[in-house]
Amino acid sequence: MENTGKEVACHTEDATSCRKSHHPERVKKDLTTRLNRIEGQIRGIKGMIEKDVYCDDVITQLSATQSALNSVAKILLEGHLKGCVVDRLSEGDDEVLDELLVTIQKLMKK
């Protein structure tokens, strides 16, 4: 399979596939920055609990962290739709729609 700079699928000897998504460097940097910030927020929340900070303040920080995680998920979902899903549909792979529905259901459980 030719590498077009987008999704690349590879097949191993045991017939399982590993799929990769190739995000532009600026998107990877943005996602990494966001996730590093979220990691810091989680450490801060842990510290708040260890210091017996007022529950409402901890919940506020949890809400902000969840919102930040949702933002990361939205960016990834948009890239997935515009890249991976479009590519697979153009190749005639309609199974990607079922996969996408499952992914959206997982996101909506939150």
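Which helix does Thr-65 lie in? I started my notes there, and the entry reads helix α2. One reminder to myself before going on: this is a predicted model.

**Thr-65**

I looked up the burial of Thr-65 and got a relative accessible area of 3%. The cut-off for buried is under 20%, so Thr-65 counts as buried. Next I asked what Thr-65 touches once its neighbours within four places in sequence are left aside. The list is Ile-38, Gln-41, Ile-42 and Ile-45.

**Confidence**

The mean pLDDT is 86 for the protein chain, and 83% of the residues score at least 70. Helix α1 (residues 25-50) has the highest confidence, at 97, while strand β1 (residues 8-11) has the lowest, with a mean of 35. Residues 1-16 have a pLDDT below 50, and in the model this stretch makes 21 contacts beyond near neighbours in sequence. Where pLDDT is low, predicted coordinates should not be read in detail.

**Layout**

I counted up the secondary structure and found three helices and two strands in the protein chain. Along the sequence the order is β-β-α-α-α. Of the 110 residues, 16% count as buried. I also noted the contacts between residues at least 6 apart in sequence: 43% of these join residues at least 24 apart.

**Helix α1**

Does the length of α1 agree with its residue count or disagree? With 26 residues at 1.5 Å a residue, α1 should span 38 Å, and I have its end C-alpha atoms 37 Å apart, so the two agree. The buried residues I wrote down for α1 are Val-27, Leu-31, Ile-38, Ile-45, Gly-47 and Met-48. These buried residues of α1 pack against α2. Ile-38 and Ile-45 were already in my notes, as contacts of Thr-65. After α1 comes Asp-52, and I noted its positive phi, near 60°.

**Helices α2 and α3**

Last entry: how do α2 (residues 55-90) and α3 (residues 95-108) pack? Their axes are 10 Å apart, at an angle of about 170°. Angles over 145 degrees count as roughly antiparallel, so that is how α2 and α3 run relative to each other. On the α2 side I listed Ala-73, Leu-77, His-80, Leu-81, Val-85, Arg-88 and Leu-89. On the α3 side the contact is made by Glu-95, Val-96, Leu-97, Glu-99, Leu-100 and Leu-107. Sorting the residues of this contact gave me nine nonpolar, one polar and three charged.

Technical notes:
Residues are numbered from 1 along each chain as its sequence is written. This is a predicted model: local features need pLDDT of at least 70, side-chain atom pairs count only at pLDDT 80 or more; totals for chains, interfaces and linings use all residues. Side-chain values use heavy atoms; hydrogens and water are left out. pLDDT is the predictor's confidence in each residue, from 0 to 100. Helices (H or I, at least four residues) and strands (E, at least two) are DSSP runs, numbered from the N terminus. Contact means heavy atoms within 4.5 Å. Axes are lines fitted to C-alpha atoms, for helices over the stretch in contact, and angles run from 0 to 180 degrees between N-to-C directions. Angles under 35 degrees count as roughly parallel, over 145 as roughly antiparallel, 65 to 115 as roughly perpendicular and the rest as oblique. Ala, Val, Leu, Ile, Met, Phe, Trp, Tyr, Cys and Pro count as nonpolar, Asp, Glu, Lys and Arg as charged, and the others, Gly among them, as polar. Buried means under 20% relative accessible area, exposed over 50%, partly exposed in between (1.4 Å probe, protein chains only). The expected span of a helix is 1.5 Å times one less than its number of residues.
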